[in-house]
Amino acid sequence: MNEKAMEIKHPKRRGEWAEMRFMAAAAEHGLSVMKPWGETAQYDFIVEHQARYVRVQVKSTTFKDRGGYSCSVRPCRGTYVGNPFDFVAVYVIPEDVWFIIPEAFIREQRSVAVYPKLERSKFRRYQEAWGLLKAE
């Protein structure tokens, strides 16, 4: 468990910490990560692998709910507009596990429930699915 991370109470700081964790994890999986300049992009990173580029929005959660974790997949104000990103990377902080979910599977949802320890969960196939960011 990430005890120190659990102590980060400010949501913006915790989000920035999760973004740093994403950069490190992506690098460990052989991916190049670029951060757009400014705060106006609707995604957090561009991930490149062998000249293929995808946009990734990073979210994190500590909120345990009925054996899983609930994570908001919307911006702090309003909703995402158009085609804002290709994948959402959900980091479950207490479990130190990532879900790499294609945008189409979370479109128009306010939140997702992920279950890192449940084999038959809806998003199980996206748990630690770093290969999706590499595939063509």
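Author: Let's start with a term: a strand is a DSSP run of E that holds at least two residues, and strands are numbered from the N terminus. The model we are looking at is predicted.

Reader: Thanks! In which strand is valine 47 found?
Author: Histidine 49 is a handy guide here, as β2 covers residues 45-49 and histidine 49 lies in it. Valine 47 is also found in this strand, β2.

Reader: Is valine 47 buried or exposed?
Author: Look at what surrounds the side chain: leaving aside neighbours within four places in sequence, valine 47 is in contact with residues including Phe22, Tyr53, Val54, Val56 and Leu133. Its relative accessible area is 0%. The cut-off for burial is under 20%, so valine 47 is buried.

Reader: How far apart in space are valine 47 and valine 33, C-alpha to C-alpha?
Author: Along the sequence, the two valines are 14 residues apart. In space, the distance from C-alpha to C-alpha is 4.7 Å.

Reader: What does histidine 49 touch, not counting residues up to four places away in sequence?
Author: Histidine 49 is buried, with a relative accessible area of 15%. One of the residues it touches is glycine 30, which follows α2 and has a positive phi, near 80°.

Reader: How far apart are the end C-alpha atoms of α2?
Author: This helix has 18 residues, and at 1.5 Å a residue it should span 26 Å. The model agrees with that expectation, because the end C-alpha atoms of α2 are apart by 26 Å.

Reader: Which element gives the largest share of the lining of the largest pocket?
Author: That pocket holds about 980 Å³ of space. Of its 31 lining residues, the closest to the centre are Lys12, Glu19, Gln57, Lys59 and Cys76. Elements that give two or more residues to the lining are α2 (11-28), β3 (52-61) and β5 (68-72). The largest share, seven residues, comes from α2.

Reader: What separates the closest N and O atoms of arginine 107 and glutamate 103?
Author: Glutamate 103 is buried at 8% relative accessible area, whereas arginine 107 is partly exposed at 48%. These two form a salt bridge, and their closest N and O atoms are apart by 2.6 Å.

Reader: Is glutamate 119 buried or exposed?
Author: Glutamate 119 forms a salt bridge with arginine 124, the closest N and O atoms being 2.8 Å apart. Arginine 124 is partly exposed, at 22%. Glutamate 119 has 58% relative accessibility, and the cut-off is over 50%, so glutamate 119 counts as exposed.

Key:
Residues numbered from 1 in each chain as written. Predicted model: local features only at pLDDT ≥ 70, side-chain atom pairs only at ≥ 80, totals over all residues. Heavy atoms only, no water. 1 Å grid on protein atoms, 1.4 Å probe; cavity = no way out; pocket = protein on both sides within 12 Å on 5 of 7 lines; lining within 4 Å. Points joined across faces, edges and corners; volume = space filled by probe spheres on them. Helix = DSSP H or I, 4+ residues; strand = E, 2+ residues; numbered from the N terminus. Salt bridge = Lys/Arg side-chain N within 4 Å of Asp/Glu carboxyl O. Buried < 20%, exposed > 50% of the residue type's maximum accessible area, 1.4 Å probe, protein only. Expected span 1.5 Å × (residues − 1). Contact = heavy atoms within 4.5 Å.
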